[in-house]
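User: I'm new to reading structures, so please walk me through this one step by step. Start wherever you like, and I'll ask as we go.

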Amino acid sequence: MSKAAELAALIGSQSALSNRNLVINGAMTISQRNGTTAVTPTGSGYIVDRWTASLSQSSKLTFQQVTDAPVGFANSLKVTVASQFTPAAGDFFNIAQVIEGNNISHLELGSANAKTITLSFYAKVSVAGNYGVTLWSGNGDRHYITNVALTTSWAEYSITASGFSSGTFNTDNTQGMRVAFDLGSGSDFNNTAGTFGTGSYDINTSSSTLFVSQSAGATFQITGVQLEVGEQATPFEHRSFGDELQRCMRYYEKGYDYDTAPGTTAAYPGNLPFTVRGMDEETSGQRYMVFNLKAEKRGSPTNTYYDEQGNTGKVTTYDSGGTGTHNVSIGLVVTQSSKYGAGPGNSAIWGYGFFYECDAEL
């Protein structure tokens, strides 16, 4: 067989050799919010970039970016049972990525022309069993559930779905579809494996392993998540760290890293990226400034600002949506009364440093 024929056989109907993966940060390398710190959420929220934990009960699971990973990968997302819990019917525990509609428009999902798609990933668990994996439409009105038999060693798994001919898959900057991995949701979220269902956000089956109900210390790890067009999985598409970070910053970016959580009091680092200077300390006054974001946002962002001590409420946004409709910059006003502390003694000049979080997640 020629090299061209071998390659054609490998990629099936997928014709692109790059930009195949519709999942962002599938290798779990970007973690702007938490770095490598283990977090035990009190509710749902983002863990590593683009990956959210959806939890109906607080403090049951711990999430962390770790360096334990299969050959060819540097990181994985590790989930640990912090407190063993038996889920009630309405409880839900999962990790998921919502994919922007603009990025799936070529799939023509929800129509007679819907393309076959394949999800692949690497995983290992401390308790082997059948774990629920689901592909959902953007608003949850259509899904494909399967149980995947995960083992205690790193292995690659794949799922192919070829029947998304109905359902609501948005093709704009809102929720297009989502990929979800169940961690122990209750019976209200059960449905039949291997078929296309219409239950809202169903994510597992009655025979799925309930990870959250395992003994404290049980682990679930995942990396190398890839969603692509075609009938079979192709090798994971490794993008550069800079490319992956830029994709993540369309949805979230942080202006400065204290090595502590945003809002945590920290010593003044001396090099905050945005500083307002020249305000007269003896009289009231204000200064305006505009700064450019590192990446154009998906939509109008929610912005939070912290001063050099990790305090909020020191800066007022006068243009929170950015410039025009492109969401590429933020305008701010700083008043004399809002500055943190006093400037140098007997000086009429002071510097005001701050950093920000800019959130345009789906």
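Analyst: Let's start with strand S5, which has cover on both of its faces. Buried means under 20% relative accessible area, exposed over 50%, and partly exposed in between, with a 1.4 Å probe and protein chains only. This is a predicted model, where local features need pLDDT of at least 70, side-chain atom pairs count only at pLDDT 80 or more, and totals for chains, interfaces and linings use all residues. Residues are numbered from 1 along each chain as its sequence is written, and side-chain values use heavy atoms, with hydrogens and water left out.

User: How many of the eight residues of strand S5 are buried?

Analyst: A strand here is a DSSP run of E with at least two residues, a helix is a run of H or I with at least four, and both are numbered from the N terminus. S5 covers residues 93–100 and is largely enclosed by the rest of the structure, because the number of its residues that are buried is eight of eight.

User: Which strand does S5 join through seven bridges?

Analyst: Strands of a sheet pair through backbone hydrogen bonds, either parallel or antiparallel. Two strands count as a pair if DSSP finds at least two bridges between them. S5 pairs with strand S2 (residues 52–55) over four antiparallel bridges, and there Ser54 faces Asn94. In the other pairing, Ile95 has Phe181 as its bridge partner, and the strand joined to S5 by seven antiparallel bridges is S10.

User: In what order do the strands of the open sheet of seven lie?

Analyst: The pairing in this open sheet is antiparallel. From one end to the other, its order is S1-S2-S5-S10-S7-S8-S11.

User: And which are the edge strands?

Analyst: An edge strand here pairs on one side only.

User: How many bridges join S7 to S8?

Analyst: S7 (residues 129–137) also pairs with S10 (residues 175–182), through five antiparallel bridges, and Leu135 stands opposite Val179 there. Towards S8, Val133 stands opposite Thr146. S7 and S8 run antiparallel, and the number of bridges between them is eight.

User: Which residue in the hairpin of S7 and S8 takes a positive phi?

Analyst: The hairpin has five residues between its strands. The residue with a positive phi, near 80°, is Gly140.

User: Is His143 buried or exposed?

Analyst: His143 lies in strand S8, which spans residues 143–150 and has six of its eight residues buried. Across from His143 stands Gly197 in S11. Contact means heavy atoms within 4.5 Å, and beyond its neighbours within four places in sequence, His143 touches residues including Trp136, Phe164, Asn191 and Asp202. Its relative accessible area is 0%, so His143 is buried.

User: What is the volume of the largest cavity?

Analyst: Rolling a probe the size of a water molecule over the atoms shows where empty space is left. On a 1 Å grid over the protein atoms alone, a cavity is a set of points where a 1.4 Å probe fits but cannot get out, while a pocket is an open set with protein on both sides within 12 Å along at least five of seven lines; lining residues have an atom within 4 Å of a point. Grid points are joined across faces, edges and corners, and a volume is the space filled by probe spheres set on the points. There is one cavity of 30 Å³ or more, and the volume of the largest cavity is about 30 Å³.

User: How many residues of its lining are polar?

Analyst: Among the lining residues are Ser31, Asn34, Phe63 and Gln65. Ala, Val, Leu, Ile, Met, Phe, Trp, Tyr, Cys and Pro count as nonpolar, Asp, Glu, Lys and Arg as charged, and the others, Gly among them, as polar. Four of the lining residues are nonpolar and none is charged, while the polar ones number six.

User: How much space lies in the second largest pocket?

Analyst: Its lining includes Asn19, Glu100, Arg247 and Tyr251. The lining holds three nonpolar, three polar and three charged residues. The space in this pocket is about 160 Å³.

User: How far apart in space are Tyr306 and Glu357?

Analyst: Tyr306 sits in strand S16 (residues 302–307) and is buried, with a relative accessible area of 8%. Tyr306 and Glu357 are 51 residues apart in sequence, yet their distance in space, C-alpha to C-alpha, is 8.5 Å.

User: Finally, what share of the residues of the chain count as buried?

Analyst: The chain has two helices and 19 strands. Of its 362 residues, the buried share is 50%.
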